[in-house]
Amino acid sequence: MFLHTPHTGARTHAKSHTSSAAPYKDLTSHNHIQFPTRTKPPILTSHARISTPHHIMPSGQSNSNSNSNSNTISVTNNRQHNPPAEAVPSFPPPESESDESWVWSQIKAEARRDADSEPALASYLYATVLSHPSLPRSLSFHLANKLCSSTLLSTLLYDLFVASFSEHPMLRSAAVADLLAVMKRDPACVSFSHCLLNYKGFLAIQAHRVSHVLWSQNRKPLALALQSRIADVFAVDIHPAARIGKGILLDHATGVVIGETAVIGNNVSILHHVTLGGTGKDVGDRHPKIADGVLIGAGATILGNIKIGEGAKIGAGSLVLIDVPARTTAVGNPARLIGRNNRGEPVKNEGDVFPGETMDHTSFIQQWCDYII
């Protein structure tokens, strides 16, 4: 069952920001970072109105009303060109993590551009992005339609997500931090709207945060039901009790498993088929603790109540059963520690940037003396 687009009422306008070349503050706990440089799609020079079927119009709003409002999408079949519309912004993100208006205005502009260039997606983009007044409501609508089933209705899930985002501002700031993290670290991510609509790792993390809120409120049956739907739909299995920071990238995300007592810090990047699990014989606190800025490569398995230090790196396919100190690389099966000098001190990366942010998977190879091709 698909959720009808909610009535948005009066539209809100994102707060404008002045253009600046200065670096912006990362929405996580670390230092300033430069806005990612990438090839952006061309700025819009004109805007074609989008054909929108009646059945996705917000309740109480007709197509004639849409035509009368210059800020809404009107209905026409001949794709008439109008004066230049809102272009995709090129100014840097906000200075405050509580201010999501910049990212939301960017997403809306990207959605308008994509709807103009690909009419087959116009109705979908209007229903999922352009008809909503804010990022939390758009995200709630999208997650509800993704995770609903014949017995777990989209209307119930939509109300649940909206209430959680409204009552817990940190969920909203974490979502913005995650969007910025994906854009900064993943060269395959072409836009914020692409991440919001299509990145299942991003969507799984946002849904998990809501299930964690439910778990904390002792609504455990509903939290576990939501966990099950997340696993079914996104192939990402995160226990509702697991604690996860912000600025998280689940790259590809398929097969990621995170156990009940696991803790993940800020600015962590995790690739597909990673397991943060228990040893199978312990009870209570039995899962790994991942500090800030850690990079975990594809297929890595980390077992037991062990600590992975700040800025550490876990090589792809490694099996980690011991603590990994900060700024150290663990690689192999079973993993051994490299990346420390003769005095046992960690070798810092150039520019002292965490690997969880640089996504550098291979620099440790030059220190692995018996590495053979």
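The model is predicted: local features need pLDDT of at least 70, side-chain atom pairs count only at pLDDT 80 or more, and totals for chains, interfaces and linings use all residues. Residues are numbered from 1 along each chain as its sequence is written, and side-chain values use heavy atoms, with hydrogens and water left out.

Side chains of opposite charge can pair when their charged atoms come close. The structure holds 6 salt bridges, a salt bridge being a side-chain nitrogen of Lys or Arg within 4 Å of a carboxyl oxygen of Asp or Glu. One of them joins Asp285 to Lys289, with 2.7 Å between the closest N and O atoms. Lys289 has a relative accessible area of 17% and is therefore buried.

A salt bridge is also formed by the side chains of Glu260 and Arg286, at 2.9 Å from N to O. Glu260 is located in the loop between β6 (256–258) and β7 (263–264), and Arg286 in the loop between β9 (275–277) and β10 (289–290), so the pair ties together parts 26 residues apart in sequence. Helices (H or I, at least four residues) and strands (E, at least two) are DSSP runs, numbered from the N terminus. Glu260 is partly exposed at 26% relative accessibility, and Arg286 is partly exposed at 22%.

In the salt bridge between Arg209 and Asp178, the N to O distance is 2.6 Å. This pair links distant parts of the chain, with Arg209 in helix α8 (residues 200–216) and Asp178 in helix α6 (residues 169–185), 31 residues apart. Both Arg209 and Asp178 are buried.

Of the 13 residues of α4, 11 are buried, so the helix is largely enclosed by the rest of the structure. The buried residues include Leu135, Phe141, His142 and Asn145.

Ser191 lies in the loop between α6 and α7 (192–198) and is buried at 2% relative accessibility. Leaving aside residues up to four places away in sequence, Ser191 touches Glu110, Arg113 and Met183, contact meaning heavy atoms within 4.5 Å.

Note on methods:
Buried means under 20% relative accessible area, exposed over 50%, partly exposed in between (1.4 Å probe, protein chains only).
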